[in-house]
Amino acid sequence: MAEGDNRSANQLAAETASLEEHLQGWGEVILAADKILRWERAWFPLVLMGGVSFVFLMIYYLDPSVLSGVSCFVMFLCLADYLVPALAPRIFGSNKWTTEQQQRFHEICSNLVKTRRRIIGWWKRLFTLKEEKPKMYFMTMLCSLAGIAWVGQQVHNLFLTYLIVSFLLLFPGLNQHGIITKYVGMAKREINKLLKQKEKKNE
């Protein structure tokens, strides 16, 4: 068991080191984005939502086709991949990194690797469910996709995308400040109260 844990830890460390090397040119930008996403300043959420809202308003105003939108997005990624590693050291000064910054960059890369592993694990569990319990897999997928299709039919696709992107960008800050834990705890308490009341009525 210990040997398996050591092998897993070594593999995690190797994957993290590889990702750190791959993202080294983006280090300063990633650290700056991390501060904004974790709301290190009280006004960072406003900046975040203002930027997202501006982008989606521009998309709504320009109303590009799917092909044009995808092409522009990929073109933006290509430009960023080319320009950021070249300009970031001049803007931020990568030679002035502190031990704390280096440690935080390591933590971010480690969290990204862990997230990727979780996603792969969920994907494997889905296929395991398909093999072991095909009826449950079929019903689960059918109900889930039907629910998503219904929501997509009721809400404008651009607005729905805006809500999803906004939630994903706000999630790290909500989690960092304990807001998600607070409301999840409140929801659990309310559910427990309802269950207890139901049990009393049944008695």
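This is a short walk through a predicted model, one selection at a time.

Before you click: residues count from 1 along each chain as its sequence is written, and side-chain values rest on heavy atoms, with hydrogens and water left out. Since the model is predicted, local features need pLDDT of at least 70 and side-chain atom pairs count only at pLDDT 80 or more, while totals for chains, interfaces and linings use all residues.

**Stop 1: helix H2 and Asp34**

Select residues 27-37, which make up helix H2. Helices here are DSSP runs of H or I with at least four residues, strands are E runs of at least two, and numbering goes from the N terminus. Now pick out aspartate 34 within H2. Is aspartate 34 buried or exposed? Aspartate 34 is buried, at a relative accessible area of 10%. (Buried is under 20% relative accessible area, exposed is over 50%, and partly exposed sits in between, with a 1.4 Å probe and protein chains only.) Show its contacts, meaning heavy atoms within 4.5 Å: leaving aside residues up to four places away in sequence, aspartate 34 touches Arg104 and Ile108.

**Stop 2: H2 against H5**

Those contacts lead over to helix H5, residues 99-132. H2 and H5 pack with their axes 10 Å apart, at an angle of about 80°. An axis is a line fitted to C-alpha atoms, for helices over the stretch in contact, and angles run from 0 to 180 degrees between N-to-C directions. That makes H2 and H5 roughly perpendicular. (Under 35 degrees counts as roughly parallel, over 145 as roughly antiparallel, 65 to 115 as roughly perpendicular, and the rest as oblique.) To see the contact, select Gly27, Ile30, Leu31 and Asp34 in H2 together with Gln101, Arg104, Phe105 and Ile108 in H5. Colour by class and the H2–H5 contact shows four nonpolar, two polar and two charged residues. The classes are: nonpolar for Ala, Val, Leu, Ile, Met, Phe, Trp, Tyr, Cys and Pro; charged for Asp, Glu, Lys and Arg; polar for the others, Gly among them.

**Stop 3: H2 against H4**

Next, bring up H2 with H4. Their axes are 8 Å apart and the packing angle is about 70°, so H2 and H4 are also roughly perpendicular to each other.

**Stop 4**

Jump to leucine 48 in helix H3. Leucine 48 counts as buried, at 12% relative accessibility. Its partners, residues up to four places away not counted, are Ile36, Leu37, Leu169 and Leu170.

In the loop between H2 and H3, find tryptophan 39. Tryptophan 39 isn't a glycine, yet its phi is positive, about 55°. Tryptophan 39 is buried, at 14% relative accessible area. In the loop between H3 and H4 sits aspartate 63, another non-glycine with positive phi, near 50°. Aspartate 63 counts as exposed, at 61% relative accessibility.

**Stop 5: the pockets**

Rolling a probe the size of a water molecule over the atoms shows where empty space is left. A pocket, on a 1 Å grid over the protein atoms alone, is an open set of points with protein on both sides within 12 Å along at least five of seven lines; lining residues have an atom within 4 Å of a point.

The largest pocket has a volume of about 1400 Å³. (Volume is the space filled by probe spheres set on the points, with grid points joined across faces, edges and corners.) Which residues lie nearest its centre? Of the 33 lining residues, those are Val55, Phe56, Ile59, Phe73 and Phe76. The lining is made of 25 nonpolar, seven polar and one charged residues. Zoom in on isoleucine 59, which is partly exposed at 33% and touches Pro64 and Leu158, residues up to four places away not counted.

The second largest pocket comes to about 750 Å³. Asp34 returns here: with Leu37, Leu112, Leu168 and Pro172, Asp34 is among the closest to the centre out of 18 lining residues. H5 gives the largest share of that lining, seven residues. By class, the lining holds nine nonpolar, four polar and five charged residues.

Methods
On a 1 Å grid over the protein atoms alone, a cavity is a set of points where a 1.4 Å probe fits but cannot get out, and a pocket is an open set with protein on both sides within 12 Å along at least five of seven lines; lining residues have an atom within 4 Å of a point. Grid points are joined across faces, edges and corners, and a volume is the space filled by probe spheres set on the points.
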